[in-house]
Amino acid sequence: MRKPLIAGNWKMYKTISEARAVAQALRISVGTLQDREALICPPFTALAAVADTLLGSSIQWGGQNAHWEKQGAFTGEVAAAMLADLGCHYGIVGHSERRQYFAETDATVNKRMHGLIAAGVTPIVCIGETLQEREAAQTMTVIEKQMSGSLTGLMDPARIVIAYEPVWAIGTGKTATPEQAQEVHAYIRTNYARTYGDTAAQAVRILYGGSVKPDNMNQLMKQPDIDGGLVGGASLDADSFTKIIYYDNRLTPSPSPTGRGWPKAG
């Protein structure tokens, strides 16, 4: 059984003090999870503060990108080994914003993925189509191409995490319906099986990312091939992210330090 993973990608938001405050609030609300994983990926500048705040809780922390070399003359980059040194459990690579704005390719995403693996950090590898590609009925073609280029050469294919993020749904308020997301997730798993076998395909976790919110997470998670979420804006607020983590209302969180409250067990 695949353990759900709810990951928050904070992108270029939060100063150190702001990040620490949200991490502390999350520690109170979801710091003792057992049947699912919670992860936050703050900016690099706030990673040490977040790690210090979350140490000893069940919440994990990770990086938003990583270079494949352990060190070198790569101004502005952060090595996977540096993330590992900070205790990062996960690292995101290939996010659509990296592909769109910073010329990431499937080949460089693949190298970054292998760099994380070599450093002992679990990669979250992002793939997904644009609106133009979806409207041209090219979704599966794009997904297959990105998987072929980004996910090659794995020695332990069950260890990584894949995130499907339809680019047209990121930060737009549009969300793929649960059925649309499931269709692509099922294709990803089937395609992964063709390369790495059924055992690995059934073990690998596939997250959905694209305007995930408290009011749509539960329906997404009811789909058989959706194993969690890669959450953007809704992860920046502790109350909102807590509701997403408790998408099924099966757990009763601690009282909210903001006084607004979190979902009760149903």
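1. Helix 5 buries Asp106, Val109, Asn110, Arg112, Met113, Gly115 and Leu116, where buried means under 20% relative accessible area, exposed over 50% and partly exposed in between, with a 1.4 Å probe and protein chains only. Before going on: this is a predicted model, with local features needing pLDDT of at least 70 and side-chain atom pairs counting only at pLDDT 80 or more, while totals for chains, interfaces and linings use all residues. Residues are numbered from 1 along each chain as its sequence is written, and side-chain values use heavy atoms, with hydrogens and water left out.

2. After helix 5 comes Gly120, with a positive phi near 85°.

3. Ser96 is in helix 4. Ser96 is buried, at 8% relative accessible area. Leaving out residues up to four places away in sequence, Ser96 touches Glu165, Val167 and Ile170, a contact being heavy atoms within 4.5 Å.

4. Now the strands. Strand 1 (residues 5-9) and strand 8 run parallel, joined by four bridges; two strands pair if DSSP finds at least two bridges between them. Ile6 has Gly229 as its bridge partner in strand 8. Within strand 8 (residues 228-231), Gly228 and Leu230 point one way, Gly229 and Val231 the other, and all are buried.

5. How many aromatic pairs does a search of the whole structure find? The search turns up two. Rings of Phe, Tyr and Trp (its six-membered ring) pair if their centres lie within 6.5 Å, and planes under 30 degrees apart count as stacked, over 60 as edge-to-face and the rest as tilted. Tyr164 and Tyr208 make a tilted pair, 6.2 Å centre to centre with 55° between the planes. Tyr164 sits in strand 6 (residues 161-164) and Tyr208 in strand 7 (residues 205-208), so this pair ties together parts 44 residues apart in sequence. Both Tyr164 and Tyr208 are buried. For Tyr192 and Tyr196, the ring centres are 5.0 Å apart and the planes at 55°, so that pair is tilted. Tyr192 and Tyr196 both belong to helix 8 (residues 178-196), four residues apart, about one turn of the helix.

6. Arg189 is also worth a look. Arg189 lies in helix 8 and is buried, with a relative accessible area of 3%. A polar atom of the Arg189 side chain lies 2.8 Å from the backbone oxygen of Val204. Not counting residues up to four places away in sequence, Arg189 touches Arg2, Ala201, Gln202, Val204, Ile206, Asp225 and Asp227.

7. Another arginine, Arg36, lies over the face of Tyr247, 4.9 Å from the ring centre. The cut-off for a charge over a ring is NZ of Lys or CZ of Arg within 6 Å of the ring centre and within 35 degrees of the ring normal.

8. Last, Leu236, found in the loop between strand 8 and helix 11 (238-245). Leu236 counts as buried at 17% relative accessibility. Among residues beyond four places away in sequence, Leu236 touches Trp10, Tyr13, Lys14 and Val22. The C-alpha atoms of Leu236 and Pro42 are separated by 9.4 Å, with the two residues 194 apart along the chain.

Notes: Helix = DSSP H or I, 4+ residues; strand = E, 2+ residues; numbered from the N terminus. Polar contact = N/O pair within 3.5 Å; in protein donor to acceptor, adjacent residues only side chain to side chain.
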